[in-house]
Amino acid sequence: MIHSMPDPDGERVVSDLLAYMTTEEKAGQLAIVSAPDPQDRAEVERFTHALRSGRVTAVEGTSSKIQAEAFQQIAIEESRLGIPLLFPMETGTGIETIFPSPLAAAASWDMDAISDAEAVIAQEAHALGCNWALAPDAGYLPSTMQADEATDDQVDLVAAIAAARVRGLQGLGAPSHEGILACLDLASIVGRAAAGGSHERDIAEAMRIAASVAEQGYLGSISVGGGNVQQRRAARKAFSFLQGAGAFEGIILSEWKALAAAARDSEPIESGDSMPVDALVAAIEKGKLPLARLDDAVSRVLRAKYALGLFTLPLGKEAVRSRGSLPTPIQNRETALTLAKHSIVLLRNEPAMLPLGFDSGDILVIGAAATDRSAPLAGRAGHAASLIDGLEQLGIPHKFAPGLALRHDATGIGRMIEADSMAIGMACEAAKRARTVIVTLGGREGNDLAEAERQLIASLRTVTERIVLVTLGAAPIDPVIGNEPLACVLHAGQLGTMSGHAIAEILTGEATPSGKLPVAIRASAGNRGLPFGHGLHYADFALTDFTLDLASDRLIASVSIRNLADVAGVETVQLYLRRYRGNHLPSRLNLRGFQRISLAPGERRAVTFEIGREQIGQHREDGRYFTEGGLYDVRIGLSSKRVLGGEIEVPDAIARAMNSAYAGGGHAVPIGQRRA
């Protein structure tokens with residue numbers, strides 16, 4: 001677990017080191033270098049000299065924990081001040097165990113499962129010598145979406161996911177976890193305006209995400225660069241509040257880039273470019289850059305190294321003894337399976353064909369994607385469990401047909417080819433002898449079925465209506481075939497190592513679906529369209545008894561939720577807000593909170609949301625929330641369209657109370673205003 005910061009002992013270590021360090025040693029604390037090729041003696045000698053001279057703060061590309069420990073030993077024992085090293089790594093969706101892709105995991109709305117997955121990633125990365133994850137990237141929207149499709153409604157979901165990922169990586173609140181530094185990367189959001197978005201809105205979204213992550217405690221590092229020159233400057237200005245006293249204690253990678261640029265008299269360098277140590281020293285000595293600015297950046301690095309416990313790091317044999325036991329691969333796969341199951345979204349099931357049961361009869365699985373062990377990994381190397389693997393492990397009898405001709409190029413299934421007609425004909429003949437057909441489709445370009453896929457499903461519908469569509473592509477789809485949506489659609493996405501097992505358990509009812517759409521499916525010629533937050537279950541949930549109370553410094557919104565089915569289930573209750581602008585009510589409801597609720601058959605429970613400045617407020621230039629009085633529309637629902645709610649006038653006095661530094665603590669006492 002990473003130590004909480006600021007820490008009095010840590011601050012003394014930082015101030016003492018700053019007092020002893022030369023300008024060159026300080027500049028060296030901003031330099032990331034690549035591990036040398038062990039076969040290149042000259043390169044190894046230059047690298048070792050740089051370590052001994054204190055001109056390196058982090059080494060990327062190490063091959064093993066043993067190599068990392070050897071470099072660490074040189075830095076600690078052979079440099080003048082013995083300042084330890086960081087070892088950064090792109091952790092992505094996993095190291096040995098591959099977890100669901102960011103967009104797939106976002107569909108889980110399960111912050112505990114996401115945090116647990118990142119904890120496994122941290123442990124596997126640490127076993128390779130990594131102590132700094134260049135993750136999470138807060139931009140999880142699929143690349144097929146245009147910038148103007150990105151909406152405010154999912155920002156709080158993105159923020160919650162980013163906070164959960166940081167919590168898992170850094171082991172916050174889990175002393176038994178070997179935490180590593182996280183780096184919240186907001187560059188893809190800040191730079192979204194380059195594709196035609198609103199830069200002011202993108203900055204506001206990034207600030208909201210950063211604030212949400214920072215609220216949970218120490219964050220090791222953050223990067224807010226991205227976009228073109230003008231956008232990077234605007235981002236640095238907007239996030240300048242991070243460098244205020246006590247505002248943010250972690251590393252600001254964008255400031256490293258800005259310092260390097262100032263030393264070179266150029267625009268900020270891109271990630272991966274080296275820090276010009278000598279040029280930075282010269283810029284300080286000539287007065288082009290203030291020493292205080294360098295000191296601030298270096299103190300953040302030293303603080304991060306202290307938080308990791310690197311200044312008391314055991315080395316050599318003692319380090320091996322102190323590593324302790326790591327979770328086994330079986331335990332890690334169980335964690336991956338849990339997140340994968342929770343990430344599957346049941347889009348349609350009317351009439352109910354899932355879960356599969358005795359009335360499902362003979363099962364025919366169609367589609368090469370059902371046997372694909374690489375597609376679920378989203379481009380990562382390795383093998384995942386296919387859907388066929390999952391069905392076979394559960395002992396589910398089934399037959400298989402490819403449905404379409406195999407393509408030997410890398411373009412995937414697109415337009416019909418001559419061999420497709422024969423494959424479709426064979427699939428239709430097999431479907432006549434089956435009671436239930438499971439069509440499994442892989443990735444595609446865009447958010448619609450390819451021509452060949454559409455022809456396959458249209459042909460199958462001429463012989464059977466009992467079609468279950470399972471989609472493994474990154475973006476969810478809700479296809480319209482012959483002017484009608486399919487009766488049963490299950491979106492799995494790219495679920496990683498345990499993909500096939502997770503899908504099979506959901507199909508058969510071994511597990512119940514609980515995923516929700518993290519992005520809306522827009523209605524089009526090929527899609528019927530479904531709202532943000534939509535997701536069905538094998539249980540049936542109903543919301544009633546909405547109330548909205550005005551308290552001294554917040555709003556209290558509540559509903560009653562009941563499970564009407566005879567099976568248990570997990571539902572995600574969502575809070576949405578919007579504020580009148582004069583007489584105008586924005587069309588978009590913005591997500592401002594959610595709770596995952598597990599209910600037994602017939603169980604009823606009250607769900608309450610406290611609404612304060614974090615939910616209602618907007619960011620000012622200093623990074624703080626600011627809340628205004630006015631008329632607000634508050635909704636609670638099971639998606640952005642299936643909601644209960646009402647309007648409430650927030651007096652200026654209540655808004656001022658929300659803005660108070662003490663707002664949000666204690667018990668909210670209703671003062672008599674209620675809307676139902």
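Predicted model: local features only at pLDDT ≥ 70, side-chain atom pairs only at ≥ 80, totals over all residues.
**View 1. Thr335 in helix α15.**
Helix α15 spans residues 329-342, and Thr335 lies within this helix. The relative accessibility of Thr335 is 19%. Buried means under 20%, so Thr335 counts as buried.

**View 2. Arg554 in the loop between β16 and β17.**
Strand β16 covers 541-551 and strand β17 covers 555-563. Arg554 sits in the loop that lies between these strands. Its relative accessible area is 3%, so Arg554 is buried. The side chain of Arg554 makes a polar contact with the side chain of Asp553. The distance of this polar contact is 2.8 Å.

**View 3. Packing of helix α11 against helix α13.**
Two packed helices are described by the angle between their axes and by the distance between the axes. Here α11 comprises residues 253-264, and α13 comprises residues 291-307. The angle is about 145°. The axes are 11 Å apart. The crossing of α11 past α13 is left-handed. From α11, the contact draws on Glu255, Trp256, Ala258 and Leu259. From α13, Arg293, Ala297 and Val301 take part. By class, five of the contact residues are nonpolar and two are charged.

Definitions and conventions:
Residues numbered from 1 in each chain as written. Heavy atoms only, no water. Helix = DSSP H or I, 4+ residues; strand = E, 2+ residues; numbered from the N terminus. Buried < 20%, exposed > 50% of the residue type's maximum accessible area, 1.4 Å probe, protein only. Polar contact = N/O pair within 3.5 Å; in protein donor to acceptor, adjacent residues only side chain to side chain. Axes fitted to C-alpha atoms, helices over the stretch in contact; angles between N-to-C directions. Left-handed = near helix turned anticlockwise from the far one by under 90°. Contact = heavy atoms within 4.5 Å. Nonpolar A, V, L, I, M, F, W, Y, C, P; charged D, E, K, R; others polar.
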